[in-house]
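Please read them with the structure open.

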Amino acid sequence: MKKLLVFAVLMTSVNIFSQEVASANQEKTDINNTIYEDIPDKAEFPGGINAFRNNFSQTFKAGKVNGRGQIKSEVRFVVDQQGMITDITTIGENKSMNKEMERTIKAMSKTKWIPAKIDGQPVKFRFKLPITINLEN
């Protein structure tokens, strides 16, 4: 009886510790749902990063930001498989700065990006833009 119990425990532990092999369809679903940050073929604004920065600085209105001194904030957004901006979030202590950064990215979201790719397949990509401004009144 003990041998049968030990055998049963060993057989169930094999299933518990074995690796599960994902099917091709499952892997494809995971790629479509995953948001990537550090991949070689990143999402790109038409004209490159300098064109994005220029467009951002022209659209951003520093006069709408309340505060004095150095203000830091970061805007994060996802460029989806079609090159559209989604999921805009801001991180920073100054609420007016966060609001203006979000407004700026929303205004720029009409421009379609070149999506990030893995093995030639478009994927979601998280873009981070830290901004520091000095305000003196």
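1. Start with Val75. This is a predicted model, and in it Val75 has 0% relative accessibility, so the residue counts as buried, the cut-off being under 20%. Val75 lies in strand β2, which covers residues 69-79.

2. What does Val75 touch, leaving out residues up to four places away in sequence? The contacts are Ile88, Thr89, Thr90, Met101, Ile105, Phe127, Lys128 and Leu129.

3. Next, the pairing of β2. This strand runs antiparallel to β5, and 11 bridges join the two. If you want a spot to check on screen, take Glu74, which is opposite Pro130 in β5.

4. With β1 (residues 35-36) the pairing is parallel and rests on 2 bridges; Ile35 has Lys124 in β5 as its bridge partner. With β4 (residues 116-118) the pairing is antiparallel, over 3 bridges, and here Lys117 faces Pro122 in β5. β4 and β5 make a hairpin with 2 residues between the strands, and Asp119 in that turn has a positive phi of about 55°.

5. Now the core. The largest nonpolar core holds 27 residues, and those touching the most other members are Phe52, Phe56, Phe77, Met97, Ile105, Trp113 and Ile133. Two or more residues come from each of α3 (49-59), β2, β3, α4 and β5. The biggest share is from β5, which gives 7 residues.

6. Beyond four places in sequence, Phe52 is in contact with Phe45, Phe77, Ile105, Met108, Trp113, Phe127 and Leu129. Ile105, Phe127 and Leu129 also turn up among the contacts of Val75.

7. Is Asn94 buried or exposed? Asn94 counts as buried because its relative accessibility is 15%, and the limit is under 20%. The residue belongs to the loop between β3 (85-92) and α4 (95-108). Its side chain reaches the backbone oxygen of Asn66 at 2.6 Å, and a polar contact of 2.6 Å links it to the side chain of Ser96. Apart from neighbours within four places in sequence, Asn94 contacts Val65, Asn66, Gly67 and Ile71.

8. Stepping back to the whole chain: there are 4 helices and 5 strands, in the order α-α-β-α-β-β-α-β-β from the N terminus. Of the 137 residues, 31% are buried. Among contacts with a separation of 6 or more, 77% are between residues 24 or more positions apart.

9. Last, a caution on confidence. The average pLDDT is 81, and 76% of the residues reach at least 70. Residues 1-28, however, stay under 50, and the model gives them 2 contacts beyond four places in sequence.

Key. Residues numbered from 1 in each chain as written. Predicted model: local features only at pLDDT ≥ 70, side-chain atom pairs only at ≥ 80, totals over all residues. Heavy atoms only, no water. Buried < 20%, exposed > 50% of the residue type's maximum accessible area, 1.4 Å probe, protein only. Contact = heavy atoms within 4.5 Å. Polar contact = N/O pair within 3.5 Å; in protein donor to acceptor, adjacent residues only side chain to side chain. pLDDT = per-residue confidence, 0-100. Pairing = 2+ DSSP bridges. Core = buried A, V, L, I, M, F, W, Y, C linked by side-chain atoms within 4.5 Å.
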